[in-house]
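Here are my notes on this one, written for someone who has not looked at it before. Have the structure open while you read, and go through the points in order.

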Amino acid sequence: MKKLLTTTVMAASLSALSLTGCTSTTSSGAIGVDRQQLLLVSSEQVLEQSAQSYNKNIKEARARGVLDNNKAQLNRLKNVANRLVGQVGVYRPDAANWKWEVHTINSKELNAFVMPGGKIMFYSGIIDRLNLTDDEIAAIMGHEMSHALREHSRERLSREYATQTGIGVAASVFGLTQGQAQLANLAGDFGITRPHSRTQESEADQIGLELMARAGYNPQAAITLWQKMQRASQGEPPQFLSTHPTSSNRIAQLQALMPKVMPLYQKSRR
């Protein structure tokens, strides 16, 4: 009986993987990102968990007196964000209506992220220590925004949910339910805090380049950014790189995309 049940759940899982939950959260854009995604968990569930995590970060930073200390730097980030948000409709029109937020944390850490729903956080260290230009800030922000647009956290959570002996997928087939506590734990551990996959990183590179080009930021800045990151990673890798796996050919891959995005940049400058 146990073997039969296991076989049945596995079969249901494979069936569900092929017949349900597979879609694409964004349009393909000029770059052509059109991979189908496994999305078994709702956007609302992921947004709830990410909002809790983001608000916790805000609360802790405010309590430590390190939130939004540099108003000029914060305004600079908001200006970049406004231009990039103005282009998100190319990939998904609904994202233009997200409640986008921008905050800074005064820290030497080389770190930045955009959580699901458009919650942007930059650590001052990544701007100051790397002496970033606005174009390079746009490269980071566009990359991180792309993770949010593609709902990569939701995708990672869905895959983990599905691989727990098939129960997560079987639930969508047989109408079974799972405790909210379990989902919350998965969301916090796997869906939000774990590193992105190489495939997701590649997509974020591609979409981010298009966003910054359309917003009038030079895509070549993505290359100078990663060159700076490479130099900064000598010795102890910065936090930004710990969740953004890179390889020796990443810059080459970015350079290969330039023929697609430079015309968009040139058009935006007219």
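1. A word on burial before anything else: a residue is called buried when its relative accessible area is under 20%, exposed when it is over 50%, and partly exposed in between, using a 1.4 Å probe and protein chains only. By that rule R92 is buried, with a relative accessible area of 9%. Across the protein chain, buried residues make up 49% of the 270 residues.

2. Keep in mind that this is a predicted model, where local features need pLDDT of at least 70, side-chain atom pairs count only at pLDDT 80 or more, and totals for chains, interfaces and linings use all residues. Residues are numbered from 1 along each chain as its sequence is written, and side-chain values use heavy atoms, with hydrogens and water left out.

3. How confident is the predictor? The score to look at is pLDDT, the predictor's confidence in each residue, from 0 to 100. Its mean over the protein chain is 80, and 74% of the residues reach 70 or more. Among the elements, α3 has the highest mean pLDDT (98), while helix α1 (residues 2-19) has the lowest (39). Go carefully with two stretches. Over residues 1-20 the pLDDT stays under 50, and the model has 21 contacts for them beyond four places in sequence; a contact here means heavy atoms within 4.5 Å. Residues 184-194 are also below 50, with 23 contacts beyond near neighbours in sequence.

4. Now the overall layout. The protein chain has twelve helices and five strands. These are DSSP runs numbered from the N terminus, with helices being H or I over at least four residues and strands being E over at least two. Of the contacts between residues at least 6 apart in sequence, 73% join residues at least 24 apart.

5. Next, the inside. A nonpolar core is a set of buried Ala, Val, Leu, Ile, Met, Phe, Trp, Tyr and Cys residues joined through side-chain atoms within 4.5 Å. The largest has 52 residues, and L84, F122, I126 and M141 have the most contacts inside it. Elements that each supply at least two of its residues include α3, β5 (119-123), α5 (134-149) and α12 (250-268). Another core, of ten residues, lies apart from it, with Y54, A61, L67 and M115 among them.

6. You will find D68 in the loop between α2 (43-63) and α3 (71-85). D68 is buried, with a relative accessible area of 10%. The D68 side chain does make a polar contact with the side chain of H103 (2.8 Å), and one of its polar atoms lies 2.7 Å from the backbone nitrogen of T104. A polar contact is a pair of N or O atoms within 3.5 Å; within protein, one must be able to donate a hydrogen and the other to accept it, and residues adjacent in sequence count only if both atoms are side-chain atoms.

7. Check the backbone too. Most residues other than glycine have a negative phi. In D68, though, phi is positive, near 55°. N131 is not a glycine either, and has a positive phi of about 50°. N131 sits in the loop between α4 and α5 and is exposed, at 60% relative accessible area.

8. Last, the charged pairs. A salt bridge is a side-chain nitrogen of Lys or Arg within 4 Å of a carboxyl oxygen of Asp or Glu, and the structure holds ten of them. One joins D94 and R92 (2.9 Å, N to O); D94 is partly exposed, at 37% relative accessibility. Another joins E203 and R150 (3.2 Å, N to O). E203 lies in helix α9 and R150 in the loop between α5 and α6 (152-163), so this pair ties together parts 53 residues apart in sequence. Both E203 and R150 are buried. Salt bridges also link R35, R150, E155 and E203 in a network.
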